[in-house]
Amino acid sequence: MFTEFSTEEIENVHKIRNFFPILSQEINNHPFVFLDSAASAQKPEMVLDIMQEMGRHCYANIHRGLYQMSERTSAAFEAVREQVAEFLGSKDSREIVFTRNSTEAFNLLAHCFGETLSPGQAIVITELEHHANIVPWLMLRDRKNIEIRVAPITDDGDIDIEAYKKLFSDGKVALASVTHMSNVLGTLTPARQLSEIAHQAGAKICFDASQSIVHNSLNVDEIGADFLTFTGHKIYGPTGVGVLWGKYDLMQSLPPFMGGGDMIRNVSFEKATWADAPHRFEAGTPAILEVIGLGAALRFVSQNEMKDRFSFEEKLLNYATKKLEEIEGLRILGKPAKRGPVLSFLIEGAHPHDISLLLDQSGIAVRAGQHCAEPLMHRLGIQGSVRASFGAYTLPGEIDALADSLVKIRNILA
């Protein structure tokens, strides 16, 4: 039936799906087809189980207690810091700062790195960015009187490299902050090339890996990053936990983000001195169980059933692209040189919200709207789109269900 996929590949996806009991239910008397992983991926049982297990049998506040339970919880928490560093190819776990999500990571970076900037310096972003990588820089601009420079994209949805390069020509750019994968067009950006251009101009670079972290093997040295952010809930982990990675010497040179407990070395009523990175950026009690859940998610994506997921997702994307392109009146947005497993589209004469609501009647979950990328919508000349995004648990048959339902919707709304 699916000649593009081997029997072994399909069987392996079914094995993966067994870790996600939520996918076995029905919605509106139809099998649940979840095509919204770009917004938030589902959670495997091992993530849910370890958080419950820790909460029941090994929970205490960390870094402060001298009793055994606190020490055990602290060790489990800090072990995830080591795990994340290894996952990113970092040799120093002190480069890992835990945040609530990518949005908080960007706000932290904009505040702390922003404190080192002078009026007239510039930040480079692109037309592909999520609001999380736009709004904190706009707030910094208004606070510090710096300049925001926006690299344009081509009509296909790739960064215009020559235009990007010109933004650095006057030597005023302090930082480029660029998505590694667009959450709308799926564009996979040429990270190493972007880094080299920034570094040649004396600038640092941060990558938003919120989307790409789950669909690619990332190594911070190989892509030339100075900073990188990602969020746990898109890599099959819990909500409420994210990561800011930064080279240690850079992080150690930055002032703290928030004040409070655990981020200080000494404090009196006259002054406070700061702890070393990463703890100076982690004021207060952190998301202890969520961080431990993130560790379980990273173990999950490293297990045997997941080893071929990247090649399978690429085949699934090609299959879905062909199926949707066959639908009359449907237009897939963008045609980037490299795309992750995300497809945004429009159907002539149909509002994206209506399409999403009608798909839900068939048990199919997709995202509709501006996808927290309003400037990109303006660049594309649209108000919003429908987005279907895939994970390691997505079956080719679910792509067929989407395509069949879209044909029916087109006929209803035409």
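**One serine and its surroundings**

A: Ser-385 touches Leu-333, Ser-344, Phe-345, Leu-346, Pro-352, Arg-367, Ala-368, Gly-369 and His-371, leaving aside residues up to four places away in sequence. Contact here means heavy atoms within 4.5 Å. This is a predicted model, where local features need pLDDT of at least 70, side-chain atom pairs count only at pLDDT 80 or more, and totals for chains, interfaces and linings use all residues. Residues are numbered from 1 along each chain as its sequence is written, and side-chain values use heavy atoms, with hydrogens and water left out.

One of those neighbours does more than touch. The side chains of Ser-385 and His-371 make a polar contact at 3.0 Å. Such a contact is a pair of N or O atoms within 3.5 Å; within protein, one must be able to donate a hydrogen and the other to accept it, and residues adjacent in sequence count only if both atoms are side-chain atoms. Ser-385 has a relative accessible area of 0%, so it is buried. The cut-offs are under 20% for buried, over 50% for exposed, and partly exposed in between, with a 1.4 Å probe and protein chains only. Ser-385 belongs to strand 17 (residues 385-389). Helices (H or I, at least four residues) and strands (E, at least two) are DSSP runs, numbered from the N terminus. Ser-356 is 29 residues away from Ser-385 along the chain, and their C-alpha atoms are 9.8 Å apart.

Now the strands. Strand 7 (residues 173-179) has 7 of its 7 residues buried, so the rest of the structure largely encloses it. Strand 5 (residues 122-126) pairs with strand 7 in the parallel sense over 3 bridges. Pairing requires that DSSP finds at least two bridges between the strands. Ala-122 faces Val-173 of strand 7. Strand 8 (residues 204-208) is also parallel to strand 7, over 5 bridges. There, Ser-177 stands opposite Cys-206.

Strand 10 (residues 242-246) is largely enclosed too, because 5 of its 5 residues are buried. Gly-242, Leu-244 and Gly-246 point one way, while Val-243 and Trp-245 point the other way. In a regular strand, side chains alternate between the two faces of the sheet. Strand 4 (residues 96-99) pairs with strand 10 in the antiparallel sense over 4 bridges. Ile-96 stands opposite Trp-245. Strand 9 (residues 227-231) also runs antiparallel to strand 10, joined by 5 bridges. Phe-227 stands opposite Gly-246.

Ala-277 and Pro-278 are joined by a cis peptide bond, with omega about 10°. Pro-278 sits in the loop between strand 12 (272-274) and helix 10 (288-301). Asn-28 is not a glycine, yet its phi is positive, about 55°. Its loop lies between strand 1 (26-27) and strand 2 (30-31). Asn-28 has 37% relative accessibility, so it counts as partly exposed. Asn-145 also has a positive phi, near 60°. Asn-145 lies in the loop between helix 5 (135-144) and strand 6 (147-151). Its relative accessible area is 57%, so Asn-145 is exposed.
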